[in-house]
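Please look over the sequence and the model before reading the points below.

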Amino acid sequence: MRVTVDGERRDLPEGTSLAGLLELLGEPADGRHLLVEINGRFVHPRDYAGCTLREGDRVEIVYPAFGG
Amino acid sequence: MRGDDLERYSRQIMLEELGEAGQERLGRAAVLVVGCGALGSAQLGLLCRAGVGRLRFIDPDRVELGNLHRQLLYDERDVAAGRPKAEAAAAHLAAVNSGVVLEPLVERAGPGNIAGLLAGMDLVLDASDDLRLRYLLNDACVRAGLPWLYGGVDGAGGMLLAVEPGRGPCLRCLWPDPPAPAGPPPVFPPAPVLVGAQQAALALRRLATGEPLPGRLLLLDAWQASWRALQVERDPHCRCCGARRFDFLPGGKVPDAGDG
């Protein structure tokens with residue numbers, strides 16, 4: 001299954017959850033310090049484990065910007 | 001409204017959305033700006049010029065040479081004199097609009113003084129460079145029911161979110177815990193100016209109309225010249241605006257992640 005993560009294409013096993021992807025990326029699966037959008041829609045952190053990725057999904061990970 | 005105010009603000013009063021009534025509301029409004037760096041310079045300059053009645057602003061730092069490329073309120077004389085940013089900002093702003101009441105504070109905003117800083121304010125603008133301070137602002141503003149505008153930059157990127165306590169999402173609905181602290185990020189100078197100006201625009205709109213702002217995360221890429229809006233939602237189980245547990249205020253229990 002191919003998905004795009006932050007603009008880069010990645011091959012993932014079928015049925016990978018969003019929490020699984022975050023673990024692959026080296027992030028804690030609870031992802032409480034990052035924000036995820038899939039195909040332009042905001043995903044609540046509590047839904048990461050139950051969110052199954054699909055072929056062609058575009059995933060963007062947004063960290064809070066702290067510079068001022 | 002005084003005659004010279006009608007002249008000073010004539011071009012913005014012409015705006016249907018603002019008008020003379022909106023301008024009078026701006027004149028009665030009080031805003032706290034937390035931080036007087038690049039975001040704060042942009043916000044303060046615009047709010048002062050637009051005639052917001054009272055501006056309280058706080059920053060513990062002095063103006064340094066490395067600030068001048070992006071912090072529009074300051075110049076080399078401020079660096080040479082080693083002036084505190086809040087004082088230098090007040091001097092520049094007073095020369096721009098003597099009708100605005102300025103309350104510069106040369107100190108660090110923190111759990112110990114945040115309640116006093118918020119007292120009497122109608123709205124809070126985040127212009128800090130510290131993510132933990134933003135979680136503190138979020139707690140304090142949600143508890144007080146005050147609207148606040150988060151803004152931050154990283155490189156040519158930037159983002160902002162209007163928090164309307166009890167209506168829209170708060171900072172912790174989006175990012176329940178702050179990431180671990182990191183060193184100062186690179187900054188493409190127009191990014192904080194654009195973010196700060198957009199925060200100021202929303203603040204003026206909020207103050208002039210009294211109408212709550214939409215809960216959208218605005219994402220800027222100043223290099224690619226793009227803004228986009230991500231519709232974000234309130235988390236009914238949010239520790240802050242849902243459960244009203246104010247971990248970052250005195251007596252609160254701060255989560256372990258991102259300690260610093």
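A polar contact here is a pair of N or O atoms within 3.5 Å; within protein, one must be able to donate a hydrogen and the other to accept it, and residues adjacent in sequence count only if both atoms are side-chain atoms. By that rule, the side chains of A:Glu37 and B:Arg228 make a polar contact at 2.7 Å. This is a predicted model, in which local features need pLDDT of at least 70 and side-chain atom pairs count only at pLDDT 80 or more, while totals for chains, interfaces and linings use all residues. Residues are numbered from 1 along each chain as its sequence is written, chains are lettered from A in the order in which they are written, and side-chain values use heavy atoms, with hydrogens and water left out.

**The interface as a whole**

- On chain B, 35 residues are in contact with 19 residues of chain A, contact meaning heavy atoms within 4.5 Å.
- About 2200 Å² is buried between chain B and chain A, 62% of it on carbon and sulfur atoms; buried area is the accessible area (1.4 Å probe) that two parts lose on being put together, summed over both.
- Within chain B, the most area is lost to chain A by B:Trp175, B:Pro176 and B:Leu230, together 24% of what that side buries.

**Polar and charged pairs**

- Three salt bridges are counted between chain B and chain A, each a side-chain nitrogen of Lys or Arg within 4 Å of a carboxyl oxygen of Asp or Glu.
- B:Asp235 forms a salt bridge with A:Arg46, with the closest N and O atoms 2.6 Å apart.
- Eleven residue pairs are in polar contact across the interface of chain B and chain A, both residues being at pLDDT 80 or more.

**Around A:Glu37**

- A:Glu37 lies in strand S3 (residues 35–38) of chain A; strands (E, at least two residues) are DSSP runs, numbered from the N terminus.
- A:Glu37 counts as buried because its relative accessibility is 3%, where buried means under 20% relative accessible area (1.4 Å probe, protein chains only).
- Leaving aside neighbours within four places in sequence, A:Glu37 is in contact with residues including A:Phe42, A:Arg58, B:Leu219 and B:Leu230.

**Strand S5 of chain B**

- Six of the seven residues of S5(B) are buried, so this strand is largely enclosed by the rest of the structure.
- Strand S4 (residues 123–126) of chain B runs parallel to S5(B), joined to S5(B) by two bridges.
- B:Val124 stands opposite B:Trp148 in S5(B).

Definitions and conventions. Buried means under 20% relative accessible area, exposed over 50%, partly exposed in between (1.4 Å probe, protein chains only). Helices (H or I, at least four residues) and strands (E, at least two) are DSSP runs, numbered from the N terminus. Two strands pair if DSSP finds at least two bridges between them.
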